[in-house]
Amino acid sequence: MSLSRLSVELIPRSAEALATDVATVKATFSVADTLNIPDLMRFPLRSWDAAALVRPQFGNVIPHIRAIDIAPDAPLPGADQPGLEEILVVHGDPPADLSHRTYPNSTESIIRRYRREAPHLKVYAAFDPYRRAPWKELEDVARKKEAGAIGFFTQPVFDLKLFDLCREWMLGECVFWGLSPVIGPKSRSYWETTNHIVFPRDFSPTLDANIQFAQTVLKELAQEKGKAYLMPVRIKLEQYLPHLLDAVA
């Protein structure tokens, strides 16, 4: 058995850096069939523009779209982009640059706009078991589905028990399960303070431990032909991805 889809998340630092990362994924982790690209305000390259750049080299690309950045009368990012088939709509964190204008959009309102104005696009939304009470997050899941989301990308998971519980909550849904290495105390502190992650007591922020955890999760998902995405932040792709090949072969 194998995963039905496997994505790698790439940061669009620049067109040149992105091209290098795409080449690395193709050379070291050819089992990946999808790339997903976040939209980060600290970089000038927008996610949908990055998707257009890499799609000739990598067919399936899913750019993230920040709902709070879209003006009511503005065109939807990526809606008219040739070849684009999928997007991920996230709410978006408030920008550090206060001169950057945002709008009081909900994720659901932007999903509805895409379904109405760009029905050819498949729209995914976010699922985060850490940010609020589970029943509230699952109510959000229901609202996003009602708005037109066909599936979900999770916040990366770091705990096998929580992973199993979330799989029960999301049973029957189309879900890309997130995995991201957390290496060293600074990386752990970032996840705890920024994303409110509660790590298990035996969590070890070492490369070997993170590789072993990812292998375990990917093997479980492969048994049920599930989906996953890998988010190797603050680590070289070639230090992480090749070690996971056996888990998804």
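**Figure 1. Contacts and overall dimensions of the predicted model.** Of the contacts in the protein with a separation of 6 or more, 74% are between residues 24 or more positions apart, a contact being heavy atoms within 4.5 Å. The model is predicted: local features need pLDDT of at least 70, side-chain atom pairs count only at pLDDT 80 or more, and totals for chains, interfaces and linings use all residues. Residues are numbered from 1 along each chain as its sequence is written, and side-chain values use heavy atoms, with hydrogens and water left out. The secondary structure comes to nine helices and eight strands; these are DSSP runs numbered from the N terminus, helices being H or I of at least four residues and strands E of at least two. The radius of gyration is 17 Å, close to the 18 Å from the globule rule for 249 residues, so the protein is as compact as a globular protein of that length. That radius is taken over C-alpha atoms, and the globule rule is 2.2 Å times the number of residues to the power 0.38. The C-alpha trace spans about 50 × 40 × 40 Å along its principal axes.

Figure 2. Of the 249 residues, 53% are buried; buried means under 20% relative accessible area, exposed over 50%, and partly exposed in between (1.4 Å probe, protein chains only). The protein exposes about 12100 Å², and carbon and sulfur atoms supply 53% of that area. Accessible areas come from the Shrake-Rupley method with a 1.4 Å probe, and for residues only the protein chains shown count as cover. There are 29 positive and 31 negative charges, and their mean positions are 1 Å apart. Lys and Arg count as positive and Asp and Glu as negative, while His and the chain ends are not counted. Each charge is placed at NZ of Lys, CZ of Arg, CG of Asp or CD of Glu.

Figure 3. Arg 66 lies in strand 3, which covers residues 60-66. With a relative accessibility of 7%, Arg 66 counts as buried. A polar atom of the Arg 66 side chain lies 3.0 Å from the backbone oxygen of Asp 93. A polar contact is a pair of N or O atoms within 3.5 Å; within protein, one must be able to donate a hydrogen and the other to accept it, and residues adjacent in sequence count only if both atoms are side-chain atoms. Not counting residues up to four places away in sequence, Arg 66 touches Asp 39, Met 41, Val 90, His 91, Gly 92, Asp 93 and Pro 95.

**Figure 4. Helix 3 and its packing partners.** Helix 3 runs over residues 107-117, and its buried residues include Thr 107, Glu 108, Ile 110, Ile 111, Arg 113 and Tyr 114. The buried residues of helix 3 pack against strand 3, strand 4 (86-90), strand 5 (122-127) and helix 4 (134-147). Ala 147 belongs to helix 4 and is buried at a relative accessible area of 7%. Residues up to four places away in sequence aside, Ala 147 touches Glu 108, Ile 111, Arg 112 and Arg 115. The C-alpha atoms of Ala 147 and Tyr 114 are 9.6 Å apart in space, and the two residues are 33 apart in sequence.

**Figure 5. Loops on either side of strand 8.** Lys 225 sits in the loop between helix 7 (207-223) and strand 8 (227-230). Lys 225 is not a glycine, yet has a positive phi of about 55°. Its relative accessibility of 41% makes Lys 225 partly exposed. Arg 234 is in the loop between strand 8 and helix 8 (237-240). Arg 234 also has a positive phi of about 55° although it is not a glycine, and Arg 234 is exposed, with a relative accessible area of 59%.

**Figure 6. Tyr 190 and its contacts.** Tyr 190 is placed in helix 6, residues 185-194. The relative accessible area of Tyr 190 is 33%, which is partly exposed. Apart from neighbours within four places in sequence, Tyr 190 is in contact with Asn 195 and Arg 234.

Figure 7. Ala 222, in helix 7, is buried with a relative accessible area of 3%. Ala 222 and Gly 59 are 163 residues apart along the chain, and their C-alpha atoms are separated by 22 Å. Lys 161 lies in helix 5 (residues 160-169) and is exposed, with a relative accessible area of 71%. From C-alpha to C-alpha, Lys 161 and Pro 72 are 41 Å apart in space, with 89 residues as their separation in sequence.
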